[in-house]
Amino acid sequence: MKILAIESSCDETAAAVVENGRTVLSSVVNTQIEEHKKYGGVVPEIASRRHTENICGVVEKALSDAGLTLPEIDAVAVTAAPGLIGALLVGVGFAKGLAAAAGKPLIPVNHLRGHIAANYIAHPDLEPPFLCLVVSGGHTHIIDVQDYTHFHVIGRTRDDAAGESFDKVARSIGFPYPGGVNMDKVSGQGNIHAYQFPHPKVDGSEFDLSFSGLKTYVINLVHNAAQRGEEICREDLAASFGHTVATILCEKLFLAQQHTGRKTIVVAGGVSANSQLRAMLTAECEKRGLRLCLPPLSLCGDNAAMIGAQAYYEYLAGNTADSSLNAMATMSI
Ligand code: KG4
Ligand code: ZN
């Protein structure tokens with residue numbers, strides 16, 4: 001089954017053709033990062049306008065790269081939630097029109113489910129159940145993936161997402177948006193023990209996380225140093241911060257692993273590209289005798305191939321939509 005998938009939840013306009021949830025026939029990602037950089041973050045109104053301008057060309061390219069025409073596609077899939085509402089609406093409206101015009105089924109996909117499904121492309125033998133850490137710019141969840149379409153959230157951040165905290169700290173030391181990747185690049189030249197940062201205490205659920213206190217602590221440290229005229233070593237700060245975030249994520253993830261007894265750990269979302277997190281997860285899983293699945297760097301950030309992968313399993317589960325489909329800014333997995 002060949003699915004044409006569309007993703008427009010944030011600042012990437014993307015389309016892909018994926019066969020049977022596992023084989024990518026084409027994947028096109030048009031990023032708007034350069035434009036949003038000027039404002040230090042994504043400007044929703046600009047994102048929606050650029051999606052509207054780009055979506056036709058991106059979808060046409062995905063079809064032609066796959067060597068297919070619209071009638072040869074079996075279904076149209078689209079990210080319907082969660083994300084920036086104006087941005088999502090562009091993709092949903094376009095997909096509805098395409099599905100109606102071509103007489104094909106329409107499959108709505110949850111963006112977080114899509115991030116998880118990036119791993120089905122990268123690891124052909126991966127099947128649920130498994131325990132998944134979803135770490136992106138907007139979400140940080142520990143999820144028990146019981147089946148392709150059944151999820152149980154075990155823990156989540158109470159405030160900032162891990163990626164958001166990377167980006168805000170990066171901005172305080174002068175890196176452009178999205179700074180997480182720049183922090184990662186310089187962290188290899190720094191000392192992880194140069195700074196001791198606080199680890200959050202979260203009351204209530206032992207699996208929940210928090211990054212806002214850590215982020216504020218680091219930003220205050222940078223501002224106070226600037227006021228005193230002291231130099232901050234960006235490499236040391238990036239190394240110490242990345243190490244602290246990775247440690248916090250691993251601590252809760254492996255607590256959840258002990259609780260669920262799952263033997264496979266899967267990681268998904270933009271922050272799964274982080275080298276310190278990848279190294280720590282690799283070492284911990286090896287030590288504990290667990291299988292670790294990481295997406296390749298090309299599938300960590302937003303793309304439509306992951307949406308096409310998840311869409312296949314949504315279709316098998318009967319989760320299709322009609323022309324009344326609407327986009328939703330928030331939705332649990
Ligand atoms: O999944 P994604 O592309 O978009 C959302 O759905 O949010 O994630 C983007 C986030 C940004 O916060 C970005 O800074 C972060 O992922 N990110 C990284 C790295 N690459 C992307 N954070 C740390 N290290 C990286 N290498
Ligand atoms: Zn995403």
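Thr264 stands opposite Arg291 in strand β10. Three bridges join strand β9 (residues 264-268) to β10, and the two strands run parallel. The model is predicted: local features need pLDDT of at least 70, side-chain atom pairs count only at pLDDT 80 or more, and totals for chains, interfaces and linings use all residues. Residues are numbered from 1 along each chain as its sequence is written, while chains are lettered from A and ligands numbered from 1 in the order in which they are written. Helices (H or I, at least four residues) and strands (E, at least two) are DSSP runs, numbered from the N terminus.

- Strands β9 and β10 belong to an open sheet of five strands with the order β8-β7-β6-β9-β10 and mixed pairing. Two strands are said to pair if DSSP finds at least two bridges between them.
- Strands of a sheet pair through backbone hydrogen bonds, either parallel or antiparallel.
- The edge strands are β8 (150-156) and β10 (291-293), each of which pairs on one side only.
- From one strand to the next, the twist averages 25°. Axes are lines fitted to C-alpha atoms, for helices over the stretch in contact, and angles run from 0 to 180 degrees between N-to-C directions.
- Helix α4 lies across β6, β7 (140-147), β9 and β10, and runs at about 120° to β9.
- Helix α8 (residues 234-260) also packs on the sheet, where it touches β6, β7, β8 and β9. The direction of α8 makes about 160° with that of β6.

- Thr79 stands opposite Val109 in β5.
- Strand β4 (residues 75-81) is mostly covered, with seven of its seven residues buried. A residue is buried if 20 or more other C-beta atoms lie within 10 Å of its own, exposed if 12 or fewer, and partly exposed in between; the C-beta atoms are placed from the backbone.

**Helix α2 against helix α3**

- The axes of helix α2 (residues 44-65) and helix α3 (residues 85-102) come within 7 Å and cross at roughly 20°.
- The two helices, α2 and α3, are therefore roughly parallel to each other. Angles under 35 degrees count as roughly parallel, over 145 as roughly antiparallel, 65 to 115 as roughly perpendicular and the rest as oblique.
- The crossing of α2 and α3 is right-handed. A crossing is right-handed if the near helix is turned clockwise from the far one by less than a right angle, and left-handed if anticlockwise.
- On the α2 side the contact is made by Pro44, Glu45, Ala47, Ser48, His51, Thr52 and Ile55, and on the α3 side by Gly86, Ala87, Val90, Gly91 and Phe94. Two residues are in contact if their C-beta atoms, placed from the backbone, lie within 7 Å.
- The residues of this contact divide into six nonpolar, five polar and one charged. Ala, Val, Leu, Ile, Met, Phe, Trp, Tyr, Cys and Pro count as nonpolar, Asp, Glu, Lys and Arg as charged, and the others, Gly among them, as polar.

**Helix α5 against helix α7**

- The axes of helix α5 (residues 162-172) and helix α7 (residues 212-227) come within 9 Å and cross at roughly 5°. Helices α5 and α7 are therefore roughly parallel to each other.
- Ser165, Lys168, Val169 and Ser172 in α5 meet Leu214, Lys215, Val218, Ile219 and Val222 in α7.
- The residues of the contact of α5 with α7 divide into five nonpolar, two polar and two charged.

**Backbone features in loops**

- Most residues other than glycine have a negative phi, and most peptide bonds are trans.
- Where is Asn20 placed? Asn20 is in the loop between β2 (12-19) and β3 (23-31), and has a positive phi of about 50° although it is not a glycine.
- The peptide bond from Pro128 to Pro129 is cis, with omega near 5°. Pro129 is found in the loop between α4 (111-122) and β6 (130-135).
- The peptide bond from Tyr177 to Pro178 is also cis, with omega near -10°. Pro178 is found in the loop between α5 and α6 (180-187).

**Positions along the chain and in space**

- Thr69 is placed in the loop between α2 and β4. Because Thr69 has 10 C-beta neighbours inside 10 Å, it counts as exposed.
- The C-alpha atoms of Thr69 and Lys215 are separated by 48 Å, and these residues are 146 residues apart along the chain.
- Lys185, found in helix α6, is 54 residues from Ala239 in sequence and 9.6 Å from it in space, C-alpha to C-alpha.
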